[in-house]
Amino acid sequence: MSDALLRMSDIVKTFPGVRALDGVDLEVRPGEVHCLLGQNGAGKSTLIKVLSGAQQPDGGTIEWNDSEVALRTPATAMKLGIATIYQELDLVDGLSVAENVFLGHERSTAGFSRRAEMLRATRELLERLGHGDIDPARTVGELPVASKQLVSMARALSHDARLIVMDEPSAVLAHDEISGLFRVIEGLTAAGIAVIYISHRLEEIREVGDRITVLKDGHTVDRGLPAARTSTERVVSLMTGRDVQSAFPERRGEEARSGSRELLRVERLSRRGEFTDVSFTVHSGEILGMAGLVGAGRSEILQTVYGARKPDSGRVLLDGRRLRPGSVRSAVRAGMGFAPEERKSQALVPYESIARNVSLAALGRYARLGWVDRGSERAAAEEVTRSLRLRPSDTEQPIRVLSGGNQQKAIVARWLLADCGVLLLDEPTRGVDVGAKSEIHALVRELADSGVGVILVSSELPEVLGLSDRVLVLREGRVVREAASEAIDEHEVLDLFIEGSAA
Ligand SMILES: Nc1ncnc2c1ncn2[C@@H]1O[C@H](COP(=O)(O)OP(=O)(O)OP(=O)(O)O)[C@@H](O)[C@H]1O
C-alpha cells in the first residue's frame, strides 16, 4: 500500500498538431491540497479532463487507491469519487439548489414525494460546507457565483467525492470570498478529502496548498514540492523556464501627466440599484484603476460609459463631445474600446483563425478599398501574439484550439491593436499566467504612453494599485475615494471596501 489516493503516470494526450500532454505524472494523497501549476497552455485543463473522464488519454496509467482504473466517462470518475468543479460551473440556472445537487442522482428520479428529503439532504451538505445559509429551494440562477461554487461542491459531496478538482475557483471570486473558499477547502481536507487546486495567483498557493506539481509544455517539470518551502520565484522559474519580472512598468509620474489633455469626462452617472453619482475624468496617457468588491458596480459603470447600458442620469463626454446615452455606436465612433470581463460573451469567432480574431476590432485599419489586407492583418496579429507568448504561435490556427488563458490573451491583444482613444479593460489578466500577465501590463502601459486613456478594472488589488496612475475606490455603487496610486496602499483600500467612510 502506498499513501497515494491517485497516481497518474506517463499520461499522453495528443490533439491534431499538438501534444497537449507528453508524459505527465501526478500523485495526490488523501486530505491534501495539491496545487497544479503551469503557464497558459501547459496542459492543466487537459489533464483534469482526462482525470474527470471527459477525455481519453492516448497513453499512461491511472491508479486509484492502488488499483489501475480506466476513466471512460465522467460517470465512471464520479462513481469512484472524483468530482470536478469547472470554472464555467455546469449548473442549470433554472433549477433549484437542491435539484442541481441531486441532478442525475437516483434520488431525484423518485419524484415529488421525495422533494422534502432532497431539500433536507441538500441543507445538510451545505451545512457541512459551513454554508447552511444558502436556501436549497432557491433558484440557482439568482445566486452569486461564490454560492454557485458551493452548490457544485455540495453536489460533489452528494456523490461521496474523495477528490475534488477545482479549476481556477478563485478567478471569479472577490477578495473576501476567497478567504471563505479557503475555509471550505480546509473543512474538506480535514475530513480526508483531497483537493487538486489550479490557480494562476501564486500568492494563494502558499496559503492554501500542501504540495505542488508544475507542468510545462505537457511535461511534469517537478512534482510533490512542499508548498510552504517553495518560493514563488522558484515556482515561476519552473513554470516559465525563465525569471519573470514581477515589477510593474514604470509610471510617467504626476508632472508628465499634469500637462496632458482630458479625454473622458463622466459626470454624475447613476443607474438605479447599481451605482450613484459617479464622476471622474481620464486624461491622455493615464491609467485610471477602479477598485471595489464584487457588487461595488465597477463592471456596470464601465458598461454604461461604453453605452451598453443606459444611465438613469448623468453624462459621458469624450473629447468634449457628449456621447448618446445607451449607444455603443456613439462610443465606438468617438474612439472608445471595451474589453469586457467574460470570455464567452466576447464574440470570439471559434472557427476563425487566431489572426482574424485578434484583428477583429481593428479591421478598419487593415481594409483597403473595402478589402481586408490579409498580409498586414497577419503581421500585426503576429507581433502582438509574439509579445504575449501566445501558444500555439501559428496565428492561422483556429482560435478554438487555444487554452482558456491563451484565448484571454488573444482578446486583450485584439484591443491593444484596436487603435482607440480611450480603452476600458475589465479584468484583462483573469486566468492569464504570470509571464503573460507582466507582458499585458507592459503593453497597457505602452498604450497609455502613446496617449491612450485607459480605465482598468481588476479584482487583484496589487494589479490595480501597481499599474494605475490614479485609483477610484468604489463601494456599493459610490466613489468613496479618489487618489494617486502612490498615495494609497492595499490596507487602506481594503478598509474603504468595508467601511467606505474614510473619504
Ligand atoms: N480540443 C483541442 N484541440 C486542439 N488543441 C487543443 C485542444 N484542447 C487543448 N489543446 C491544446 O493543448 C494544449 C494544452 O491546453 P490546456 O487547455 O490543457 O492548457 P492549460 O494549462 O489548461 O492552460 P490555461 O492556463 O490557459 O487554462 C494547448 O496548446 C492547447 O492549445
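The shell around the ligand holds 7 nonpolar, 10 polar and 2 charged residues. This is a predicted model: local features need pLDDT of at least 70, side-chain atom pairs count only at pLDDT 80 or more, and totals for chains, interfaces and linings use all residues. Residues are numbered from 1 along each chain as its sequence is written.

User: Which residues come nearest to the ligand?
Analyst: Ala20, Asn40, Ser45, Ser403 and Gly405, out of 19 around it. A residue is near a molecule if its C-beta atom, placed from the backbone, lies within 6 Å of it.

User: Why is glutamine 87 called partly exposed?
Analyst: Glutamine 87 has 19 other C-beta atoms within 10 Å. Buried takes 20 or more within 10 Å, exposed 12 or fewer, and partly exposed lies in between, with C-beta atoms placed from the backbone. So glutamine 87 is partly exposed.

User: What does glutamine 87 touch, not counting residues up to four places away in sequence?
Analyst: Asp167, Glu168, Ala171 and Val172. Contact means C-beta atoms, placed from the backbone, within 7 Å.

User: What makes the phi of aspartate 319 worth a remark?
Analyst: Phi is positive, about 55°, although aspartate 319 is not a glycine. Most residues other than glycine have a negative phi.

User: Why does glutamate 476 count as partly exposed?
Analyst: Glutamate 476 has 15 C-beta neighbours inside 10 Å, so the in-between class applies. Its phi is also positive, near 45°.

How values were computed:
Nonpolar A, V, L, I, M, F, W, Y, C, P; charged D, E, K, R; others polar. Contact = placed C-beta atoms within 7 Å.
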